[in-house]
Amino acid sequence: MVRFHLSTTATATASPLHYHGVELVAPFPLLSLTPHHRHRHQFQLPFPSLSASTSSPRCSRRKRASCSCKMTDSQGKATQPAGRDVRSGDMIFQPILEKGVFRFDCSADDRAAAFPSVSFVNAKDRETPITNAAEAVPTFIPTYQSGSESQTVQLQLPAGTSFYGSGEVSGQLERTGKRVFTWNTDAWGYGPGTTSLYQSHPWVLAVLPNGEAIGVLADTTKRCEIDLSTESVIKFVAPSFYPIISFGPFPSPAAVLSSLSHAIGTVFMPPKWSLGYHQCRWSYDSDLRVREVAKTFREKGIPCDVIWMDIDYMDGFRCFTFDKECFPAPSSLVKDLHDNGFKAIWMLDPGIKHEQGYFIYDSGSKIDGWVQNTHGQPYIGEVWPGPCVFPDFTQSKVRSWWASLVRDFISNGVDGIWNDMNEPAVFKTVTKTMPESNVHRGDDDLGGRQNHLHYHNVYGMLMARSTFEGMKSSNENKRPFVLTRAGFIGSQRYAATWTGDNLSNWEHLQMSISMVLQLGLSGQPLSGPDLGGFAGNATPKLFGRWMGIGAMFPFCRGHSEKGTTDHEPWSFGEECEEVCRLALRRRYRLLPHIYTLFYMSHTMGTPVATPTFFADPKDPSLRNLENSFLLGSLLVYSSTVSDQATHEVKHILPHGIWMRFDFDDAHLDLPTLYLQGGSIVPLGPPYQHVGESNVSDDLTILVALDENGGAQGQLFEDDGDSYDFTKGEYLLTHYVAELKSSVVTIKVSKTEGLWKRPSRRLHVHLLLGGGAKLVALGMDGDAIQIAMPTARDVSELVSTGEKQYQKRLESSKPIPDVKADTGPKGAELSRTPVELKSGDWSVQIVPWIGGRIISMKHLPSGTQWLHSRIDVDGYEEYSGTEYRSAGCSEAYSVIERDLVHAGEEESLMLEGDIGGGVILQRHVSILKDRPQILQIESGIIARSVGAGSGGFSRLVCLRVHPTFTLLHPTETFITFTSIDGTKREIWPDAGDQTYQGNQLPNGEWMLVDKCLGVGLVNRFKVEEVYKCYIHWGTGTVNLELWSEDRPVSKQSPLTVSHQYEVARVASS
């Protein structure tokens, strides 16, 4: 291929990038943008310029936008842009709720102007100072900078502070260096750099160097930037006015979360069956298929409690209906499931089909219950059923209406409800949601009549609340189970959650641990991922490893996307099936412990799954561990690397005694389990479903003594499904163990509740280390004694235990690491992309399907400009003018691969045969001498065109088709100067645009994200480009380069050579 090297234009001047006072590793250019002719959309940042000593801009705000613009100097001190009424200083405070909790506001007037709290259980608690703490002074006082539209809050904490929380976030566990935006977003196939997911938790848990912790809540429902890019500094930026609530410092992170729960509430008490395994798919297409899946679980002896019905059970996607052909008798189906020990959960979305005669639409219209547009008419947006209206859950009358529909729906035997698409997601719109100008006529206690910008982040929570209340009203003494995709801090009061549409790859397996932990550290303990990955085809090893880990998560559900291969536990061969069986049997044995943890979480606000450092918050070496976590006093250690078994991973244990154990099921693909010294955990038999259990069944407790020879633990028991426990109908047993005179005595030290202790046998397993244990049998409630062997005997037992453990590992059948069938989707996501990583860029390419670039991340700014699925979108190239014409999905061959250390550049050369003797060739490179530039040189070349055609190919066009991800769709635009000198800005509401001739960009155009203050510059050779095309999609934009349309020969290829570079932007 002919190489074309484009030179950087003079518009870019090298200067270091600073984000809020922190200079990033690599500098990139500062570009100056001049406002253009579209007055309503002028790009006018509220400061004259940026230099190396100032931070980059935040989101300059148009009238209809929600982001705010602030800047600080490099020391974080507030500066005042000219012509702006900006105030700054220390925030005022008052103690609220309980000792150690403070509310901060910019001023007394701002305190009065703040909207009511939606996160607090009782909004009045936020407004009411406590009188017995008048002399209390917070340890840390935030500073603020506030204008008429935006408020920035900054809290400086001691050096060495670690950050966690911020809700549902992808990427690393410890959050220093990260920025996220709370804006509930349908984020299919998100990556580690995605900044907005399905839920919003404007909350940070900070662990101080001494192990103490403080929690900080920005109590606003609006879009909020959580900026942790500066070490030991928390920064929030959101529209004015909102209070900050701090919790602590308290002695431990757990104490902070307990205090937080006193404000936002604890998790609803889940029915015990909901803690079993759940099997789901989009979709089980008929009741026959549902029965077949349920039957197979029982035949294969794989524990399971719940089967889920996705959206295809409905009649034309109409909520509260059933497809008459595929699900003709839902009550009969549910009865059959119940008879076999299964519960049934059914999906309900917020999008209601806009159709007169459809009873849900008619009844909602009768109460005038829909979200309105700016003209006072029901807003209509496209979702699964087609044109839809959306319930305005901010109104109590609408919530009551929805609850009544749910109550009637339950009569079909529905056991639980799944609220999906409730960000709310809307198709065929660049923002992926409804317009921010839409009107909600909310209740006064929620904020009154406001636009969608105000209520967007709480829409999903209010829907979940309505669903929960509807289920409860159908039977006041039966605990509801609701799962919600979208949520806000406080949603745990009504619903469990999952981590959305993840991918079937090892990266997402790794991230799933941190994501579950972050939700728990943000007040939502009942969460889990789609085990095995939602999108794409898992390999057997990936699925089995994920099931092994996921069986230890608080919420345990397998789920997969339509069009992928089957993802049931038996779908990947007998080795994987056995691992899944062992993993789920482990879970069911541990259910008494997990259920007890949820009772404690419900009553006391304590977390369920926590990072390993919770065992010793003072130890900094534990704070970044991402392949282990705690379930109470139980430590789970796993491997998320395909070629490394769990026992091969280095196990960094907290201080103290940690006893390894298993259930004679040690396996190379299962996690390793440890019990903390000083702990007792209860175990049950490995049932096939929770309904098989009986309180009189044998009970087992695991005991691990601490350094002083003591241990303690609890077991909570009730009927598992009702609210009778709130009336005292339960049994909470406190067990203790004590070593005295070489005898360990295990007994009940205390009981709570009205239940009498059932007559049952108690098995005591006293762990010695190395998997060795002593076993004793007695009656529960009686003191049981175990004589301790001599130290020599213990050493021999431990040695024998280690040998037996190793023997079990060696005899276990590892899951083969074979590739999954590609299936109807065309390519499995579990295959490893080729990565180019050098200079400013990290790029992932999948040669086997279209040579597609699926990830394009700018490292200095942390901006993920492109993140796609493997089989569609991303960076594509076609050989014709038609969308997805030849070149899009063919398998490409890697012709050349150069690494930085082996040559002058990090590069990849690909070729794809597109038929007729023509190939599409692409060279992707990151140049060593210009590491800020990602260069792509492409060409359509005639390689073996027949002589009968005169050496010329068919008519071809090289169409470069990148699909860029819009992190902030309403704050993103495209700017360029045409060849004729016209300066242009193209915003999403302009629709699709085509430029040819003198209207073409003069060699470059730029995609600008105002919220991030950065732009993606795309430079190209004008003489090679015949047409530029802009297409705004749903949360995406295509910036296409088209060559002319003509035949090619060996002497006359078609070429398009272009570059990408990221620049900071400032006004001039």
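Here are some friendly notes on the strands, a surface patch and the aromatic pairs of this structure.

1. Ground rules. This is a predicted model, in which local features need pLDDT of at least 70, side-chain atom pairs count only at pLDDT 80 or more, and totals for chains, interfaces and linings use all residues. Residues are numbered from 1 along each chain as its sequence is written, and side-chain values use heavy atoms, with hydrogens and water left out.

2. The six-stranded sheet. Six strands make an open, antiparallel sheet, in the order β4-β7-β8-β15-β14-β10. Strands here are DSSP runs (E, at least two residues) and helices are runs of H or I with at least four, both numbered from the N terminus; two strands pair if DSSP finds at least two bridges between them. The edges are β4 (87-90) and β10 (179-182); each has a single partner strand, so one side of each lacks a neighbour in the sheet. Direction ignored, neighbouring strands in this sheet are turned by 15° against each other on average, with axes taken as lines fitted to C-alpha atoms.

3. The five-stranded sheet. A further open sheet, also with antiparallel pairing, has five strands in the order β32-β33-β34-β36-β35. Its edges are β32 (609-611) and β35 (658-661), and because each has a single partner strand, one side of each is left without a neighbour in the sheet. Inside the order, β33 (residues 628-631) and β34 (residues 634-637) share four antiparallel bridges, with L630 opposite L635 of β34.

4. How many residues of β38 (residues 699-704) are buried? Six of its six are, where buried means under 20% relative accessible area, exposed over 50% and partly exposed in between (1.4 Å probe, protein chains only). In a regular strand, side chains alternate between the two faces of the sheet. For β38, one side carries L699, I701 and V703 and the other T700, L702 and A704, all buried. Five antiparallel bridges tie β38 to β37 (residues 679-683), including the one where L683 has T700 as its partner. Strand β42 (residues 761-769) runs parallel to β38, again over five bridges, and its L766 stands opposite V703.

5. Aromatic pairs. The whole structure holds 54 aromatic pairs, counted when ring centres of Phe, Tyr or Trp (its six-membered ring) lie within 6.5 Å; planes under 30 degrees apart are stacked, over 60 edge-to-face and the rest tilted. Among them, F327 and W346 are edge-to-face, at 6.2 Å centre to centre and 75° between the planes. F327 lies in the loop between β18 (306-309) and α5 (330-339) and W346 in β19 (residues 343-348), so this pair ties together parts 19 residues apart in sequence. F327 counts as buried at 2% relative accessibility, and W346 is buried at 0%. Y595 and F716 make a tilted pair, 5.7 Å centre to centre with 45° between the planes. Y595 belongs to helix α11 (residues 574-604) and F716 to β39 (residues 710-717), so the parts they tie together are 121 residues apart in sequence. Both residues, Y595 and F716, are buried.

6. An aromatic cluster. Which residues do ring pairs link into a cluster? They include F327 and W346, along with Y313, F320, F322, Y361 and W370.

Terms used: Axes fitted to C-alpha atoms, helices over the stretch in contact; angles between N-to-C directions.
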